[in-house]
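Biologist: Hi, I'm new to this one. Could you walk me through it?

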Amino acid sequence: MRDRLAVVLVILAVAFVVIAGLYYEGVLQIAVSDPHAAHHTTHAILFAVLAVASLIAANFAREKTV
Amino acid sequence: MTFPQALFMGLLQGATELFPVSSLGHSVIIPTLLHWQFKQSDPTFVPFLVLLHLGTAGALLVLYREQWVEIIRGFFTAAVRGRITTQPERLAMLLLTGTIPAGILGVFFENRIKSLFASPYVAAGFLVVNGFLLLGFELLRRRAERRASLDSRSRAEQEQSFAAAERISFRAAAVIGACQALAFLPGISRSGVTIGGGLVAGLRHQEAARFSFLLATPVILAAGLVEVPQLFATGVPLGEYVAAALLSGIAAYASARFLLRHFRSGRLDPYGWYCIAAGAVSLLLLTLRM
């Protein structure tokens, strides 16, 4: 059960990385203040942080052997 | 903006950022009451605010430098191990938990909310609301003290019956972090809502203030750092703004030291009454156009 949660969190982290990349490249324009900007760096940083946080949560959720 | 005005704004920002009285509210209301002509839509105003925030964040980093070293070390240790074993590790993860909702709400909603409510009348109105919020938090704390039969004890003893920041639950940390979004409304204080949230979660006043200041540091720092490229735009009087930022940092450091000492036995009530009075007087003066 805990390992399943860990896997879900890793998948979430990958999704966040993809979203971060799309925001940085200006492909994703959802909820941005300037739709004409080439990069949405702040949004990209936010999703990168969320990806790291998800990986940390996955590490906490996985079964520990020791 | 003239140099003396920049210095005054730096002092005002630094002094009011950590006091639970809303720095944004004061920086919207006071220049209007003083009939200062500088426009907040001026392209050099954002770089100015960036530097002031970096000054405040710098002051907090200096104040808690030893704790931040332990928190950062604890963060990496706990993240790699996947288990929390020490107090700094728990505090690091609590701060991460509290910072995420604030970051999400900040990135998606801050600019829109600020632009919707950036009026001195609205700021004065929310300052009154902030005052009632602070009094409400203290009312809840007094009830908790009565329930724990602490009425007959001294204030210092009462405070010792409540918890340290590291004992707060992760859910409470997330809720307190999300409450920071209320501070996008000019007049509502970030430190006010986070200290109040800490009190409701069962922290001592001093610990609630410490958690609030630690929680504010990454948010203020990140908000400042992402705007740093704007500092190098043409027409920005960097020297004058840096002087104002230094003043802001000194004021923030002094106010944090004062608040931490005050909250050993002090309460939020004086700040609540101040906000109600200041908001009401500001509304009156703005209405009479004095």
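Modeller: Helices (H or I, at least four residues) and strands (E, at least two) are DSSP runs, numbered from the N terminus. This is a predicted model, where local features need pLDDT of at least 70 and side-chain atom pairs count only at pLDDT 80 or more, while totals for chains, interfaces and linings use all residues. Residues are numbered from 1 along each chain as its sequence is written, and chains are lettered from A and ligands numbered from 1 in the order in which they are written.

Biologist: OK, how many helices and strands in chain B?

Modeller: Chain B has twelve helices and zero strands. Read from the N terminus, its elements go α-α-α-α-α-α-α-α-α-α-α-α.

Biologist: And what's the radius of gyration of chain B?

Modeller: It's 19 Å for chain B, which agrees with the value near 19 Å that a compact globule of 290 residues would have. That radius is taken over C-alpha atoms, and the globule rule is 2.2 Å times the number of residues to the power 0.38. The C-alpha trace of chain B spans about 55 × 45 × 30 Å along its principal axes.

Biologist: How much of chain B is buried?

Modeller: 47% of its 290 residues. Buried means 20 or more other C-beta atoms within 10 Å of the residue's own, with C-beta atoms placed from the backbone.

Biologist: Switching topic: how do H1 and H11 of chain B pack?

Modeller: Helix H1 (residues 3-18) of chain B meets helix H11 (residues 238-262) of chain B at an angle of about 25°, and their axes are 7 Å apart. Axes are lines fitted to C-alpha atoms, for helices over the stretch in contact, and angles run from 0 to 180 degrees between N-to-C directions. H1(B) and H11(B) are therefore roughly parallel, a label for angles under 35 degrees.

Biologist: Which residue classes sit in that contact of H1(B) with H11(B)?

Modeller: 17 nonpolar, six polar and two charged. Ala, Val, Leu, Ile, Met, Phe, Trp, Tyr, Cys and Pro count as nonpolar, Asp, Glu, Lys and Arg as charged, and the others, Gly among them, as polar.

Biologist: What about chain A?

Modeller: Chain A has two helices and zero strands. Its radius of gyration is 15 Å, but a compact globule of 66 residues would have one near 11 Å. The C-alpha atoms of chain A fill a box of roughly 50 × 15 × 15 Å along the principal axes.

Biologist: How many residues of chain A are in contact with chain B?

Modeller: 15 residues of chain A, with eleven residues of chain B; a contact means C-beta atoms, placed from the backbone, within 7 Å. The chain A side has eight nonpolar, five polar and two charged residues.

Key:
Buried ≥ 20, exposed ≤ 12 C-beta atoms within 10 Å, placed from the backbone. Contact = placed C-beta atoms within 7 Å. Parallel < 35°, antiparallel > 145°, perpendicular 65-115°, else oblique.
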